[in-house]
Every structure is written in structure tokens, then in C-alpha cells.
Amino acid sequence: MKRLAVLILTYNEEANIADCIRSAAFADETIVIDSDSTDRTREIAESLGARCVVHPMDEGFAAQRNFALTLTEADWVFYLDADERLAPEAGPELRRCMAEAPAAWEIRRLNVVFGQLMHHGVHRPDDSLRLYPRTAVHWKGRVHEQAEIQLPIRKMQAVMHHYTYNDWHSYFLTFNKYTSLAAQSLRERGRQTSNSAILLHPIAAFFKAYILKQGFRDGFLGFIMSSMAAFYTMVKYLKLKYMK
């Protein structure tokens with residue numbers, strides 16, 4: 001039987017890691033790649049049978065995911081974030097997918113923001129590519145990393161829940177980290193910006209999130225998260241402008 005490894009990247013995820021690992025209990029092995037957490041993330045993960053490896057994320061998410069591939073000899077890998085939970089039916093379906101001809105598989109992700117299941121806007125349900133034959137995938141990109149594959153892409157029926165944010169303090173910690181990484185990625189690609197771009201890009205981001213993606217249908221939180229998408233865009237380009 002083909003073996004499956006679930007790979008989880010973490011940093012200070014003691015509040016999430018236990019439920020995440022339990023939702024993937026069907027896997028042949030669970031590997032946590034930890035960016036030197038200062039809380040109990042590794043202790044909790046190891047108590048649940050996961051293998052933990054500390055590896056600083058100095059080169060971005062793609063490099064971290066590529067490093068994770070070197071830690072297992074499983075036939076297939078599934079990438080799971082610490083704030084995600086696989087539905088109970090996911091295990092049997094992943095086994096079925098692995099038994100078919102080689103392909104990369106998407107899973108439907110349902111996003112829960114501050115306790116509210118989102119149906120529209122920037123946090124609407126999305127299909128995330130997560131299941132791969134181990135030797136067929138390579139990652140690129142510092143922030144919004146992408147998998148490089150030469151296989152057909154198929155979609156499974158199972159879902160997972162993504163518990164994105166529970167408090168605004170954590171939200172802004174993540175916000176600051178990701179805008180810095182995004183600005184660095186733009187700079188590495190030779191991108192430049194201007195004062196007008198710093199003002200106009202956020203307007204476009206809000207229109208896309210709130211109108212085109214119908215964020216208004218998620219009520220007040222839909223408006224807030226559309227506004228934050230605009231703010232994220234502004235800060236990203238602002239950091240790019242003043243980056244040394």
C-alpha cells in the first residue's frame with residue numbers, strides 16, 4: 001500500500017496544532033516542520049505522535065515546503081496548515097485518490113474568520129492544491145508560494161475547515177509578517193511603485209473583494225475584511241517604496 005505523509009509548517013501554534021494533527025490521524029506519518037517556536041507547539045505535536053523538525057524559515061514558504069519533502073520517503077504528501085482541520089471523510093478519499101493514476105489533487109477549503117463561516121469576498125471557499133506524489137512536486141515563491149508540477153489536476157469531494165483568525169492581535173502580527181514578505185518578493189522580481197500606485201491599488205483591491213467577489217453578502221465582517229484587503233495592499237506597496 002502506498003504511504004502518505006502529512007506535512008505541517010508551524011510557528012507558535014500551540015492553540016491549533018493538536019486539533020490539526022488529530023484531524024490527520026489516518027496518515028502513515030505526520031511531520032511538523034517548526035520555525036523555532038517559543039511556545040509548546042513541538043511538545044504538543046510530539047505527544048500526539050508527530051515527528052518534529054526545527055528549521056528556520058529564512059528563505060520563505062516555498063523553501064520550507066521543499067525542505068519538508070526531504071524529511072520523508074512516503075509515496076504521497078499532503079500539506080496541511082496548523083489552523084486547518086480535515087473533515088472525517090477526507091482520510092478514505094485521500095486513499096482513493098492515491099490509488100488512481102498519478103495526479104495532483106485539490107481539496108475544498110471552507111474559511112472561518114473570527115468564528116464566522118465566510119461564503120464570499122476574499123475569504124470565500126476556495127480549492128487548494130494539497131495532495132501530490134512526493135517526487136512530482138517542487139515549490140517556488142516567497143509568500144504566495146506555488147507548486148511546480150507536470151501532472152493533471154483533479155478535485156476531491158472532501159473538505160477541510162480553515163480557522164483563519166480568532167483575535168485582532170494575531171491578525172495584525174500575521175498581517176505585518178505577510179506584507180513584509182510580499183514587499184520583498186516584489187522587490188526581488190524587480191517591481192517598483194509610486195505614490196499614485198500606493199493609493200490606487202488599494203481601491204482596486206477593495207472593489208474586487210467587496211463588489212466583484214460579493215463580500216457585501218457576508219454582512220459587516222464582509223465589509224471589514226474587504227477593507228483589510230485594501231489596507232494589506234497599501235501597506236505592501238508602502239513597504240516596497242521604502243525598502244532599503
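# Close-up legends

**View 1. Phenylalanine 231 is partly exposed, with a relative accessible area of 34%.** Burial labels here follow relative accessible area: under 20% is buried, over 50% is exposed and anything in between is partly exposed (1.4 Å probe, protein chains only). The model is a predicted one, so local features need pLDDT of at least 70 and side-chain atom pairs count only at pLDDT 80 or more, while totals for chains, interfaces and linings use all residues. Residue numbers run from 1 along each chain as its sequence is written, and side-chain values use heavy atoms, with hydrogens and water left out. Which ring is stacked with phenylalanine 231? That takes a rule for ring pairs: the centres of Phe, Tyr or Trp rings (the six-membered one for Trp) lie within 6.5 Å, with planes under 30 degrees apart called stacked, over 60 edge-to-face and the rest tilted. By that rule, the count is 18 aromatic pairs. In one of them phenylalanine 231 is stacked with phenylalanine 175, at 5.2 Å centre to centre and 20° between the planes. Helices (H or I, at least four residues) and strands (E, at least two) are DSSP runs numbered from the N terminus. Phenylalanine 175 is buried, with a relative accessible area of 9%. Zoom out a bit, and ring pairs join Phe114, Tyr165, Trp168, Tyr171, Phe172, Phe175, Phe231 and Tyr232 into a cluster.

**View 2. Strand E6 (residues 104-113) has nine of its ten residues buried, so the rest of the structure largely encloses it.** Strands count as paired once DSSP finds at least two bridges between them. E6 runs parallel to strand E11 (residues 153-165), with nine bridges joining them; look for leucine 110, whose bridge partner in E11 is histidine 161. Strand E8 (residues 126-133) is antiparallel to E6 and joined to it by five bridges, and here isoleucine 107 stands opposite serine 128. E6 also pairs with strand E7 (residues 116-117), in the antiparallel sense and over two bridges, with valine 112 opposite leucine 117. E6 and E7 form a hairpin with two residues between them, and phenylalanine 114 in the turn has a positive phi of about 50°.

**View 3. The largest nonpolar core holds 30 residues, and Ile8, Phe78, Leu80 and Leu131 have the most contacts inside it.** At least two of its residues come from each of strand E1 (4-10), helix H1 (17-23), helix H2 (41-47), strand E4 (76-79), helix H4 (90-99), E6 and E11. Another core, of 21 residues, lies apart from this one and includes Ala5, Leu7, Ala68 and Leu129. A nonpolar core is a set of buried Ala, Val, Leu, Ile, Met, Phe, Trp, Tyr and Cys residues joined through side-chain atoms within 4.5 Å. Contact, in turn, means heavy atoms within 4.5 Å. Skipping neighbours within four places in sequence, the contacts of leucine 131 include Leu4, Phe78, Leu94, Met98, Trp105 and Met156.

**View 4. Glutamate 84 forms salt bridges with arginine 109 and arginine 130.** The cut-off is a side-chain nitrogen of Lys or Arg within 4 Å of a carboxyl oxygen of Asp or Glu, and a search of the whole structure turns up 15 such bridges. With arginine 109, the N to O distance is 3.2 Å. Glutamate 84 sits in strand E5 (residues 84-86) and arginine 109 in strand E6, so the pair ties together parts 25 residues apart in sequence. Both glutamate 84 and arginine 109 are buried. With arginine 130, the closest N and O atoms are 2.7 Å apart. This pair links strand E8 to strand E5, across 46 residues; arginine 130 is buried as well. A network of salt bridges links Arg65, Asp81, Glu84, Arg109, Asp126 and Arg130.

**View 5. Arginine 154 and glutamate 100 form a salt bridge, with the closest N and O atoms 3.2 Å apart.** Arginine 154 lies in strand E11 and glutamate 100 in the loop between H4 and E6, so parts 54 residues apart in sequence are tied together. Arginine 154 is partly exposed at 31% relative accessible area, and glutamate 100 is also partly exposed, at 29%.

**View 6. The charged end of arginine 65 sits over the ring of tryptophan 139, 5.1 Å from its centre.** The test asks for NZ of Lys or CZ of Arg within 6 Å of the ring centre and within 35 degrees of the ring normal. Lysine 241 does it too, with its charged end over the ring of tyrosine 242, 5.7 Å from the centre.
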